[in-house]
Amino acid sequence: MSAITNTTISNYDYLLRNCYSSNRNARKAVYRTTFSKEELISADSNALKKIARNLKDLDYSAENGVNVYNNVKAFVESYNNLIESTSDSNSGKLERVQKNLKKLVKEYADELEEIGIKASASGGLKLDEKTLLSASPSKVSKVFSSSGSFTSNIRKYASSISHIAKTMLQTGTSKKQTTATVSLPGLTEAENIMTASSINIKA
């Protein structure tokens, strides 16, 4: 069989739940705003680490098309979640690892685009499902299987971020920013406006 066909997404949510086993609600956009940045980074990095391991060991035969499709889609979603949760971090170490992760994806941009995964200028990924479904298993395998280094490096960076997130959770080093308006006597309304950049509240 030359392409991934007859694919459904009936077990996609089950797969994503397993990837986000440390914090299953973090996989849903409706709940993500209820978690701290540290919690999201931890959940996203652990999910990406698991999906990278899945992809590395996956059977890329055409008969396993549903599983291949779901795992690739889960990779894109967990990767994008991690890029979002690690943005605007106060941790220089975390910022460096995120840059390395984006750089890795950029290095594989051509191979990824051939199977329907396009990297944006901001470092995020967009999945063209039609292109993925028409891709040959060998092309998908070339990017994600154990024969290459892509998934191994993805897992390495995700593990590093997971370790940093664990430290952040223990020490509370990440801070949330907010915008507040205070009124002080003798100041104009404009002078009373305090921007988010001037207020740091511990998460």
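1. A crossing of two helices is right-handed if the near helix is turned clockwise from the far one by less than a right angle, and left-handed if anticlockwise. In this predicted model, H1 crosses H4 in the right-handed sense.

2. The geometry of that pair is as follows. H1 covers residues 12-19 and H4 covers residues 65-85. Their axes come within 10 Å and cross at roughly 50 degrees. That angle makes H1 oblique to H4.

3. Which residues of H1 and H4 meet? From H1 come Tyr 12, Leu 15 and Leu 16. From H4 come Asn 70, Asn 71, Lys 73, Ala 74 and Glu 77. By class, this contact has four nonpolar, two polar and two charged residues.

4. H3 and H9 form another packed pair. Their axes are 8 Å apart, at an angle of about 155 degrees. The cut-off for roughly antiparallel is over 145 degrees, so H3 counts as roughly antiparallel to H9. The crossing is left-handed.

5. On the H3 side, the residues include Glu 38, Ile 41, Leu 48, Ala 52 and Leu 55. On the H9 side, they include Thr 151, Ile 154, Ala 158, Ile 161 and Leu 169. By class, the contact has ten nonpolar, seven polar and six charged residues.

6. Next, the core. The largest nonpolar core has 50 residues. Which members touch the most others? They are Phe 75, Phe 144 and Phe 150. Elements that each supply at least two residues include H1, helix H3 (37-57), helix H5 (92-107), strand S2 (125-127), helix H8 (137-144) and helix H9 (150-171). H4 gives the largest share, nine residues. In soluble globular proteins, nonpolar side chains tend to be buried together.

7. Leaving aside neighbours within four places in sequence, Phe 144 is in contact with Phe 75 and Phe 150, among others. Its other contacts include Leu 55, Val 72, Leu 112, Ile 115 and Ile 117. Lys 56, Tyr 60 and Thr 151 are also among them.

8. Is Glu 129 buried, partly exposed or exposed? Its relative accessibility is 35%, so Glu 129 counts as partly exposed. Glu 129 lies in helix H7, residues 129-134. Not counting residues up to four places away in sequence, Glu 129 touches Tyr 69 and Lys 73. Lys 73 is also among the H4 residues that meet H1. Glu 129 and Gly 116 are 13 residues apart along the chain, and their C-alpha atoms are separated by 6.6 Å.

Conventions: Residues are numbered from 1 along each chain as its sequence is written. This is a predicted model: local features need pLDDT of at least 70, side-chain atom pairs count only at pLDDT 80 or more; totals for chains, interfaces and linings use all residues. Side-chain values use heavy atoms; hydrogens and water are left out. Axes are lines fitted to C-alpha atoms, for helices over the stretch in contact, and angles run from 0 to 180 degrees between N-to-C directions. Helices (H or I, at least four residues) and strands (E, at least two) are DSSP runs, numbered from the N terminus. Angles under 35 degrees count as roughly parallel, over 145 as roughly antiparallel, 65 to 115 as roughly perpendicular and the rest as oblique. Contact means heavy atoms within 4.5 Å. Ala, Val, Leu, Ile, Met, Phe, Trp, Tyr, Cys and Pro count as nonpolar, Asp, Glu, Lys and Arg as charged, and the others, Gly among them, as polar. A nonpolar core is a set of buried Ala, Val, Leu, Ile, Met, Phe, Trp, Tyr and Cys residues joined through side-chain atoms within 4.5 Å. Buried means under 20% relative accessible area, exposed over 50%, partly exposed in between (1.4 Å probe, protein chains only).
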